[in-house]
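This note concerns the interface between two chains. Please read the points below alongside the model.

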Number of protein chains: 2
Amino acid sequence: MIACNLQTAAYVLGVGAGNSGVGAANGRSQQAAARMAEAATGEAKPSTPPSISWDSHTYVSEAPDSLVRDDDLSGANMDMRRRFEANCRRAQTAICAAVSELDGTEFREDVWTREGGGGGISRVLVGGNVFEKAGCSLSVVYGSMPQEALASATTRGADRAKGYGPGERVPFFACGLSSVMHPRNPMAPTMHFNYRYFETEGGVWWFGGGSDLTPSYLFEEDVKHFHGTYKEVCDKHDPTYYERFKKWADEYFYIKHRGETRGLGGIFFDDQNDKDPETIFAFSKECLDSVIPAYLPLVAKHKDDEFTPTQKEWQQMRRGRYVEFNLVYDRGTVFGLKTGGRIESILMSLPETARWEYNHQVTPGTPEADILDAFKNPREWC
Amino acid sequence: MIACNLQTAAYVLGVGAGNSGVGAANGRSQQAAARMAEAATGEAKPSTPPSISWDSHTYVSEAPDSLVRDDDLSGANMDMRRRFEANCRRAQTAICAAVSELDGTEFREDVWTREGGGGGISRVLVGGNVFEKAGCSLSVVYGSMPQEALASATTRGADRAKGYGPGERVPFFACGLSSVMHPRNPMAPTMHFNYRYFETEGGVWWFGGGSDLTPSYLFEEDVKHFHGTYKEVCDKHDPTYYERFKKWADEYFYIKHRGETRGLGGIFFDDQNDKDPETIFAFSKECLDSVIPAYLPLVAKHKDDEFTPTQKEWQQMRRGRYVEFNLVYDRGTVFGLKTGGRIESILMSLPETARWEYNHQVTPGTPEADILDAFKNPREWC
């Protein structure tokens, strides 16, 4: 997979066709079409596209109706690109409205477009009553990446670069919505989701995504509710999904150097293209629509719980683990940071505050020991 | 270079000769000697040594007189190994005593040895009056790493693996002392140092190290004092040292995705073997002896300064940058985390608390803007 922060994919190692920074808008888009068409036929592939950089963005006061570019390329599923974006934007609005209502605080919005097409809408709530930080970002990305980078960025990378050889850059389109929400109360869990749609040059496409829960304290019924909500969605679409995607989340959100998972998982999937796009889109859509019912009730339930300073410190230490995972292992974050993206969107996922204590040990029999055991030995919740 | 946290080198991708986990102690050490001798002559190099893991350590209540193994190998500079370790231990004791006296709090100590030789002494002060966290760790390491890893772990890696081909593991010895100190008061700077000595199989050796300062607020005279102390040491040993090593620090402690340095630098060097070992050891020794006079007066001066909550928040955000550097860029930390080391020693360098605010901007003309400018445009201090 590319990214749990999809926006980072924007900056992965390349620039989209048409983002060459020369010529007038019309000229650029013609060049782009020509270049992509060439690429599609395997002739005259772009040799060394300029490195993408944040310099090519423009902040705008309002997002255009669509950030998807009007290409008409053979192999591109323009209809899916547009509908996936529209669905992300609809979900972003609905999710932010629900969170905002619970918190009593508005989200701020940053919108940008890029010269070569694409752009993003970041919405962030800071200093809330319930949430210390809640972010939800849409990205539409036209980029290209070395064949090798694609291989390391997706689980079955080689399949994603059909017809491209070592050293060649593969143009791609990506659209996704990603989010992390960190409540203040240590009894209320953090939640992350990301749903994305990819196409590489020549008509190769796939869906990825997932939703996962990171509590500091274990309330079994909460975890069962979250997992149960997603199990129901999974079961409706494919009887094998939940088991596979639950396991995938446990494996992906793993802090290897700690021997623990980041949280209590959920579902995670990538490289989904074994059914027709409509069918997988319907699943992805329902996953996105389940964010609010799966998560917000848990925050509503715990936002005013009493807690001790020690419990707050434990939450802060778990926040530290969140930082460790995101900065050390999250492929999208690491790629994004190293290749020059919109840092504030990439690092929106970090908590407002975190804590590291030397050699902290939990006391056996305590709630902290209980949840740590679940981080070390992933459990079945439904 | 291998590591700013040298202890991480302990865990870099291999296991020392003699740590095979089979046979009695005597047998192991004979096997080890035989294997290293074979390796030295270029014959029958170890094929797939077992992966090192933290399982091979033993906590002990008191460190043995030396953690350096009694090999008698051709090419090994046993005298330098022993004297470098002894000097690190002397400096560790002196530095911790001075910090402890200023703080009014004792360091706690964790000591361990490893089956195949080597071990460590971690000293950590937590919850101090002046320091939120101060750590100082000695490591003596017998390991081996793939020829390729050596190439990426040191600036001139290929030179360090004489006679070894791609895919072969190169046995090494390393000894070093490393430290990070985070004071509570936002006007008092954080300091990091690391001094180390390496030998790889076959008599290749080098020294590395450095001391650097990370303030949240800029007091020019403090930075001049710190840099000036090290410039004086450098000038005494080589007129080219300060200019080269100051620049090296600015380049190494760079947070690429932020376009800023972690702090205000100091000196940093690696791969030093162009003079005789005694001469470089004398320089390294004097650098270590300069930690207390270069740094502690700055903390003593600012430990009781008044500060506002906003200034504390700014310090916390700079702590966040410290975390970003250490987890994303510090080669030793990243290697150590991914290859299984003593996590608590590796991550001792992280601050107790850190903060991330979405899209934080400094106000022009403020002290925060002033120091941020110095992070973005490294200055000359003396």
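1. Buried area is the accessible area (1.4 Å probe) that two parts lose on being put together, summed over both. For chain A and chain B it is about 3,000 Å², with 57% given by carbon and sulfur atoms. On the side of chain A, Glu344(A), Trp356(A) and Tyr358(A) lose the most area to chain B, together 28% of what that side buries.

2. The model is predicted: local features need pLDDT of at least 70 and side-chain atom pairs pLDDT 80 or more, while totals for chains, interfaces and linings use all residues. Residues are numbered from 1 along each chain as its sequence is written, chains are lettered from A in the order in which they are written, and side-chain values use heavy atoms, leaving out hydrogens and water.

3. Contact (heavy atoms within 4.5 Å) links 31 residues of chain A with 31 residues of chain B.

4. Four salt bridges cross the interface, a salt bridge being a side-chain nitrogen of Lys or Arg within 4 Å of a carboxyl oxygen of Asp or Glu. Glu344(A) takes part in a salt bridge with Arg258(B), at 3.3 Å from N to O.

5. Strands here are DSSP runs of E, at least two residues long, numbered from the N terminus. Strand β11(A) pairs with β11 (residues 353-355) of chain B in the antiparallel sense over three bridges; pairing requires at least two DSSP bridges between the strands. Within this arrangement, Ala354(A) is opposite Ala354(B) of β11(B).

Methods:
Helix = DSSP H or I, 4+ residues; strand = E, 2+ residues; numbered from the N terminus.
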